[in-house]
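Work through the exercises below with the sequence and the structure in view. Each task is followed by a solution in steps.

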Amino acid sequence: MKYDIEEIRAKLHRGQLEGIGERLEEDIGGILTRAGIYFRIFHRAKTPLSIARKLEKGGYGFGENEKKLQDLVGLRVVVYYQDDMNIVRSILEETFCRVGKWSETDTTEEEFKASKRNGVFRIPDEYQRIYNGDIRCVPADLTFEVQLRTISFEGWHEIEHDMRYKSPHGEEFWKNNGDLSRTLNCVLANLELCDWSTITVFDRLAYYHYEEKNWEMMLKGKFRLRFDVKPLAPELIAFLDNNVDVAYCLYRCTRDRVIYALLREGNYDKLTYNLLVKVANEAVASYDSKTQRRLAKLCGELLKEEKMPPAERADLIPMDVTPNFQLNVVLTHHPDAELHQEFMAAVQMIGVWAQSRFHNIATDIPTAPVDYELHAAGYNLQILGDVSLGFYRLSLDYVDMARKGVIWRTNVSIERSERIRMKVQCDYCHPPDRLIRESFAKPRFVDEIFRKIGYEDVIPMSLKPGKVHNLKDVEKLSEFIAEPGRNLPVIVAVEDEEEERQINIARLAETVGTYAHVFQLDKKAVPLMTEASDYTEEELLGSVWVTFRDGEDKFYTKEMIADSRFDFNKYAFDRGNVYEKAFRHKLVRLIKEKNC
């Protein structure tokens, strides 16, 4: 390619462009919401690959007469009614600094094309100031593009781009099938008819309600705005009943002028029918001034009563803390290694992990047990350490850039005495009234220390299931389960007669082997287990048995495992035993929650 994708990725800072797009979406959406328009709005920042591919096309370059990329940030505004296209266009032109002309569908009376309007605007200075990417690596402007669509044509544009204009097969896709291409255009004609017909239906409905003196429904049908549930005041209904000429003038008010007048009326929180009558009366309608003043006074009194008091500043409240991962283990001591060396190695792995997490924030994070502090906006890191005492503690927290209002915290401590003990606690903090979908993941150093040093919880931890074949193995397992010094849960999966139905115990051990003990009981040893438990041989075959530190047991028969289901089934169309994946998912979550 002419432009290097990795260079674009490094210099353009797509994350910041996404942030600009998000702010623009909020700004535009807020204005359209105040206007009462029905709409949907989306934003995106162009990916490095998409930028490179677009620049491969002719005409783009750094020359004076060459084109510049103008849609690094793009927004799409989808309106429900066709006449809102012009209104939104005018709102955008009044709000932002337009660059060039609008790109619009050019049609004749004998053809149909998808209706669209694309406009380019300058990214406001206040947003440019917080952007520190370097766009000089590509011929591009700091502008954003807005695409206007009706909801009828929104889906159509996706189909047309994918199956016609952006088809990888080019013109060959439709070659010798002109009749089918024409049929597709017939669908397009129907969409245009839908847009026109929808407005016509509501205009006629509004006139019907005008004739029937249903004033509130007349206003709804005529202006088609997102009104608050508060009904038209009885006083206004009575006024319009006694002044039908005023009602007729309100009916005749042009929709776009009323919407612009609403936007100029800055002092309101909700769009009500009372407010619309006030605005239309003062700014758009035309009848005798005496009647106009009477209606203005009545509207003023009504709106004064319904005006909400200014919102008080919200008090700061404590955030909820939800445990995400916890581990309390002893590090394995190898006879041919010094305890001090193992302690320093574990500290270094944690320090390197902290460096990788904060590599864009700080470059001086130590990998040895020394005191260190870092406090930056949204990021805190504190390390306390002493080599001679064999002590190390790290506390780290940072703001989640993807989930609003979420802070992740990690606390880890290592203490060296006769052995080395490590404790890890990971939490996420969030507003108490906000539902957060957590992202469960162990810190990387947990697995790295396990691979290079190892963990023990009375016995060594393992990413492979321990095998239980005979009476001696069963006795050892029973003794271990009863061991009071054990911290972590024990999982025993029993082999099934039907191999295709049994749980993937190897995969389970790989997942939880650093914070749970996993064993596989040979089906030949099942009769021995029946003597040590209250379960029958039939119940034990294919079952899973979990024992926690406090002695609590969970026992799942193979029928219970087969009945496992995902609440949100991402594997619905996967081959294999989906119930088995669902059970493992459930078991991992249970163990994690009990550990926490």
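**Exercise 1.** Find which strands helix α21 lies across.

Solution. Helix α21, residues 578–595, lies across β15 (490–494), β17 (544–547) and β18, where contact means heavy atoms within 4.5 Å. Helices (H or I, at least four residues) and strands (E, at least two) are DSSP runs, numbered from the N terminus. The helix runs at about 180° to β18; axes are lines fitted to C-alpha atoms, for helices over the stretch in contact, and angles run from 0 to 180 degrees between N-to-C directions.

This is a predicted model: local features need pLDDT of at least 70, side-chain atom pairs count only at pLDDT 80 or more, and totals for chains, interfaces and linings use all residues. Residues are numbered from 1 along each chain as its sequence is written, and side-chain values use heavy atoms, without hydrogens and water.

**Exercise 2.** Give the strand order of the open sheet and explain what is particular to β14 and β18.

Solution. The five strands follow the order β14-β16-β15-β17-β18, with mixed pairing; two strands pair if DSSP finds at least two bridges between them. β14 (466–468) and β18 (553–556) are at the edges with a single partner strand each, so one side of each has no neighbour in the sheet. From one strand to the next, the twist averages 20°. β14 and β16 (residues 517–521) run parallel and are joined by three bridges. In β16, F519 is the bridge partner of G466.

**Exercise 3.** Count the disulfides and examine C429.

Solution. The structure has zero disulfides, a disulfide being a pair of cysteine sulfur atoms within 2.5 Å. For C429, the closest cysteine sulfur is in C426, 11 Å away, which is too far for a bond. C429 is buried at 6% relative accessibility (buried: under 20% relative accessible area; exposed: over 50%; partly exposed: in between; 1.4 Å probe, protein chains only). C97 is partly exposed, at 48%.
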